[in-house]
Amino acid sequence: MSNTHNAPRDDLVEKESEREAVEEASGLSPRQIFETIRQNGEEELDRPTKALFWSGIAAGVLISFSVLGEAILRAHLPETSGRFLIENLGYSLGFVLVILGRMQLFTENTITTVVPAMINPSVACFTKTARLWAIVLGANVLGAFAISAFLIHTPVLSPQLVAVINDLSHHATGMGAWVGFLRGIPAGILIAAIVWMLPSAQNNEVLVIVIFTWMIAAGDFTHVVAGSVEMAVLMLQGQLPVGTAVFSFFLPVLAGNIIGGTAVFTMLAYAQIKPEIEEDPKRG
């Protein structure tokens, strides 16, 4: 008789185990991913100014390893037709350090801190987002200039490697405002896609980051923070005038990254789950 009484309970346990297995195999739904990003975004918006600033400085410093990684591979690889694709793997190094280290990278925040404002739009939320953007972007640029000064004005790098970095920097900053703006849009989309995919990456975070950031470099797209290192390298050597740096490179690329990350990717991601949110009686 005890076996008879336990049968329904065993069936429930088995069904629950099957349901959990199906959910784990299918991964997170778009709405669950959106909710994860929203929660992370709200946490970031409430962080103290000093924490955001120093985390942004760290990101600006560490992103320099994208430029260094690419330069080191270019300097040591033989000149073959496939060298370009291989050397661009080095570009992923700085992004792996910054993203997995949970440093404040401006282009990540074009999706993370925008999601809370989409769910609950208010003056207070928009003000918090603008505050975070200003702090993080400024800190990223300061970090980029600090590490660039160290690399250029100390003997830490060989003259050969400095020459390679200069070549990369001239190419990155010399494509003109319109081209830099347009190429900034795909870069913004790809960084936002990384943020979107990480919650369901299931221990494949490094692979996701490497693939998408490699595409930024291989596609010759422009990223405002990594590009700030290249911009700073040239400015500190007197090879790039301030006006050209700001108006022909920095501001156009910044605008392209914001449009790609926020206006394109985040808006489209929100559009697919908006009907579910509107139908949820818990929201309103």
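Predicted model: local features only at pLDDT ≥ 70, side-chain atom pairs only at ≥ 80, totals over all residues.
Residues are numbered from 1 along each chain as its sequence is written, and side-chain values use heavy atoms, with hydrogens and water left out.

I begin with the overall fold. Contact here means heavy atoms within 4.5 Å. Among contacts between residues at least 6 apart in sequence, 83% join residues at least 24 apart. Of the 284 residues, 45% count as buried, where buried means under 20% relative accessible area, exposed over 50%, and partly exposed in between, with a 1.4 Å probe and protein chains only.

I turn now to the interior. In soluble globular proteins, nonpolar side chains tend to be buried together. A nonpolar core is a set of buried Ala, Val, Leu, Ile, Met, Phe, Trp, Tyr and Cys residues joined through side-chain atoms within 4.5 Å. The largest such core here holds 73 residues, and F34, I63, F95, F106, I111, W196 and F250 touch the most other members. Helix 9, residues 123–153, gives the most to this core, with eleven residues. If residues up to four places away in sequence are set aside, F250 touches L137, V141, V224, S228, M231 and A245.

Helix 6, residues 92–100, has S92, G94, F95, V96, V98 and I99 as its buried residues. Their cover includes helix 3 (49–62), helix 4 (64–76), helix 11 (177–197), helix 12 (205–218) and helix 13 (224–236).

On a 1 Å grid over the protein atoms alone, a cavity is a set of points where a 1.4 Å probe fits but cannot get out; a pocket is an open set with protein on both sides within 12 Å along at least five of seven lines; and lining residues have an atom within 4 Å of a point. Grid points are joined across faces, edges and corners, and a volume is the space filled by probe spheres set on the points.

The largest cavity has a volume of about 30 Å³. V67, L68, L151, I152, L157, I165, V229 and V233 line this cavity.

The largest pocket has a volume of about 390 Å³. Among its 17 lining residues, N40, I99, R102, E108 and L198 are the closest to its centre. Helix 2 gives the most to this lining, with four residues.

The second largest pocket has a volume of about 280 Å³. Its lining comprises 18 residues, and E70, H171, A172, D220 and E230 lie nearest its centre.

Finally, the backbone. Most residues other than glycine have a negative phi, and most peptide bonds are trans. R102, in the loop between helix 6 and helix 7 (109–112), has a positive phi near 55°. Is R102 buried or exposed? At 56% relative accessibility, R102 counts as exposed. Q202 also has a positive phi, of about 50°, although it is not a glycine. Q202 is found in the loop between helix 11 and helix 12.

Note on methods. Helix = DSSP H or I, 4+ residues; strand = E, 2+ residues; numbered from the N terminus.
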